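Here is a short briefing on one protein chain.

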Amino acid sequence: MPDQFKLIAIGKIGKPKGLRGQLHAIIAVEYAERLKKFDNFFLGIGGKQLPYSVSELDISPSGGALILFEEIDSRTKAEQLRNAEIFTQEANLKKSKTNNS
C-alpha cells in the first residue's frame with residue numbers, strides 16, 4: 001500500500017464540549033506540533049476509517065486537543081464519535097517532518 005494511503009493512529013476522541021459539536025481529544029505527544037496545520041483526519045468508526053474535515057483545531061504541546069469537524073454541528077453528533085481512534089496518512093507525517101518552513 002503506498003504511504004499516501006497508509007493510515008497511522010495518532011490519538012483518540014474524548015468527550016464532547018459545548019453544544020456546537022466540539023470534541024476533546026488526546027493526540028500522541030510526538031505528533032502534536034506537526035498536526036496543527038492539518039485540515040482533515042480519519043476516524044475509526046465501525047471498523048472503517050472515515051474522513052472528517054477539520055473546521056477548528058487547538059492542540060497543546062502535551063497532546064490535549066479540542067477539535068471541531070465540519071460534518072459535526074451538534075453535541076448529539078459529537079457524542080457518536082466518542083472513543084473513536086484518530087488517524088492520518090503516513091505521508092502527511094513525513095512531509096511535516098521534513099518541511100520546517
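From the N terminus on, the elements run β-β-α-β-β-β-α-β-α. That makes three helices and six strands, where helices (H or I, at least four residues) and strands (E, at least two) are DSSP runs numbered from the N terminus. The model is predicted: local features need pLDDT of at least 70, side-chain atom pairs count only at pLDDT 80 or more, and totals for chains, interfaces and linings use all residues. Residues are numbered from 1 along each chain as its sequence is written, and side-chain values use heavy atoms, with hydrogens and water left out.

**Chain totals**

- Of the 101 residues of the protein chain, 35% count as buried (buried is under 20% relative accessible area, exposed over 50%, partly exposed in between; 1.4 Å probe, protein chains only).
- The accessible surface comes to about 6,100 Å², and carbon and sulfur atoms hold 50% of it (Shrake-Rupley method, 1.4 Å probe; for residues, only the protein chains shown count as cover).
- Among contacts with a separation of 6 or more, 63% join residues 24 or more positions apart (contact means heavy atoms within 4.5 Å).

**Strand pairing**

- β1 pairs with strand β6 (residues 85–89) in the antiparallel sense, over five bridges (two strands pair if DSSP finds at least two bridges between them).
- In that pairing, A9 has F87 of β6 as its bridge partner.
- β3 also pairs with β6, antiparallel, over three bridges.
- β3 and β4 run antiparallel and are joined by six bridges. F42 has P51 of β4 as its bridge partner.
- β3 and β4 form a hairpin with two residues between them. G46, in the turn, has a positive phi of about 60°.

**Nonpolar core**

- The largest nonpolar core holds 24 residues (a set of buried Ala, Val, Leu, Ile, Met, Phe, Trp, Tyr and Cys residues joined through side-chain atoms within 4.5 Å). I13, L35, F69 and I86 touch the most other members.
- Elements giving two or more residues to this core are β1 (7–17), β2, α1 (29–32), β3 (40–45), β4 (48–59) and β5 (64–69).
- In soluble globular proteins, nonpolar side chains tend to be buried together.
- Beyond four places in sequence, I13 touches residues including L23, A25, L43, I67, F69, L81 and I86.

- Q22 lies in strand β2 (residues 22–27). Q22 counts as buried because its relative accessible area is 14%.
- Residues up to four places away aside, Q22 touches P16, K17, E56, L66, I67, L68 and A78.
- T88 is found in strand β6. T88 is buried because its relative accessibility is 1%.
- Neighbours within four places aside, T88 is in contact with K6, L7, I8, I10, F38, F41 and L93.

**Salt bridges**

- The count comes to three salt bridges (a side-chain nitrogen of Lys or Arg within 4 Å of a carboxyl oxygen of Asp or Glu).
- R20 forms a salt bridge with E56, with the closest N and O atoms 3.1 Å apart. This pair links distant parts of the chain: R20 in the loop between β1 and β2, E56 in strand β4, 36 residues apart.
- R20 is partly exposed at 42%, and E56 is partly exposed at 33%.
- K77 forms a salt bridge with D73 at 3.0 Å between the closest N and O atoms. K77 is partly exposed, at 35% relative accessibility.
- R82 forms a salt bridge with E79 at 2.7 Å between the closest N and O atoms. R82 is partly exposed at 37%, and E79 is partly exposed at 35%.
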